[in-house]
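Take a look at the sequence and the model first.

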Amino acid sequence: MTEDIPAPAEAGTEAVYVYAVCRAEEPPDLTGPAGLSCESPLRPLAVGPALTAVVQTVRAADFTDEAWQARLADEPELERYARAHHEVVCAVAARLPTVPLPLATLYHDEQRARAALSRESRRFHAALERTANHSEWGVKVYVTDAPAGQAAGAAPQPPAAGAGAGRAYLDRKRSLRDRRERQRSDALRIADAVDADVSALATASRRLPPHGGRAPEERRTQVLNATYLVAGERAAELARLARNLRERTGAQVELSGPWVPYSFVGEV
Amino acid sequence: MTDLDFRQEAYAPSGPQTTNLADILERVLDKGIVIAGDIKIDLLDIELLTIRLRLFVASVDTAKKAGIDWWETDPALSSHAARNALQDENRELRARLEALESRSSDAPEQQEQESETNPSSRR
């Protein structure tokens with residue numbers, strides 16, 4: 001059988017991948033990141049008044065549903081794609097006001113990409129306006145897990161003489177439950193306090209689902225994973241606030257950023 | 001003044017160098033401005049849930065135990081899921097289950113009556 005000859009090149013074997021749209025009167029300098037394909041470079045694509053998309057020709061076969069199904073199950077591969085996308089977005093955003101697109105926005109060809117993106121130019125301009133001179137900052141709060149077992153404050157009372165093992169068991173259970181309850185309300189209070197203070201300084205905020213600790217030995221629980229749109233001139237204030245919150249709450253308050261404002265360019 | 005180094009000269013400076021994969025994924029997968037593409041990849045539907053589960057399952061579990069489950073009702077976070085028919089079905093089933101449970105705990109007698117007058121198998 002000679003069926004397995006590679007299919008001849010035809011329309012549809014290539015696709016145009018869009019990373020971001022930036023405000024640029026002139027084609028931007030795109031030297032630096034390689035993007036997702038080593039076969040063709042990043043290039044600018046004018047998509048409207050003062051708007052330029054950053055695109056790349058990629059193999060369509062790499063971006064089918066099946067390819068993605070496989071990729072999502074293959075963490076190193078997923079990481080490679082996510083980081084490559086992110087790297088391009090960051091490189092562009094470091095030079096120009098930029099609206100990032102999510103991973104995997106693709107068109108059959110350049111004309112279709114231009115047409116689709118031009119139709120959205122109003123949205124791009126609105127997002128650029130909303131995020132102008134702002135960056136995104138992530139704030140995560142962790143509380144240290146109390147050691148399991150009976151180490152914490154409320155050591156169970158020794159059972160009264162004559163009380164049975166069942167009673168002791170119930171007491172132990174109850175004190176464990178109370179302690180968990182206390183930890184839980186403390187953690188929630190800290191998370192809300194941090195969120196309220198940072199929100200007061202930020203232009204906008206979003207809460208994201210807390211991450212799981214990959215390492216069980218980490219012994220801390222993430223109780224807040226939030227992200228904030230913060231004006232450039234308030235970044236120093238944010239750093240001071242984070243330090244202050246760390247001292248005040250005793251929790252670990254981690255600040256990450258500045259990020260390209262991924263979380264604030266959508267309309268949600 | 002501050003112990004953080006800022007890159008104020010840049011517009012939206014490149015992300016922090018130490019960013020972990022989960023931080024990047026939660027931004028590049030379902031943030032950014034969503035524009036309809038020619039090639040439809042439903043990253044935001046079932047597959048995304050798969051990744052989310054893998055990345056976050058430990059925390060979701062821990063967080064739920066701690067009573068932190070606001071994201072399940074946050075429209076910003078569940079908007080993708082909301083498009084997912086399976087999710088919708090689950091929600092509907094959950095609501096029905098809740099209704100059933102509250103009915104059975106609030107008014108056990110009534111529930112018994114109903115189950116008598118409403119046999120579960122309909123023909």
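A residue counts as buried under 20% relative accessible area, as exposed over 50% and as partly exposed in between, using a 1.4 Å probe and protein chains only. This is a predicted model, where local features need pLDDT of at least 70, side-chain atom pairs count only at pLDDT 80 or more, and totals for chains, interfaces and linings use all residues. Residues are numbered from 1 along each chain as its sequence is written, chains are lettered from A and ligands numbered from 1 in the order in which they are written, and side-chain values use heavy atoms, leaving out hydrogens and water.

**Exercise 1.** Decide whether A:W68 is buried or exposed.

*Solution.* Step 1: the relative accessible area of A:W68 is 1%. Step 2: A:W68 is therefore buried.

**Exercise 2.** Classify the ring pair of A:W68 and A:Y81.

*Solution.* Step 1: rings of Phe, Tyr and Trp (its six-membered ring) pair if their centres lie within 6.5 Å; planes under 30 degrees apart are stacked, over 60 edge-to-face, and the rest tilted. Step 2: the two centres are 5.8 Å apart and the planes meet at 70°, so the pair is edge-to-face. Step 3: A:W68 belongs to helix α1 (residues 65-72) and A:Y81 to helix α2 (residues 75-93) of chain A, so the pair ties together parts 13 residues apart in sequence. Helices here are DSSP runs (H or I, at least four residues), numbered from the N terminus.

**Exercise 3.** Find which residues form one aromatic cluster.

*Solution.* The cluster consists of A:Y17, A:Y19, A:F63, A:W68 and A:Y81.

Definitions and conventions: Helices (H or I, at least four residues) and strands (E, at least two) are DSSP runs, numbered from the N terminus.
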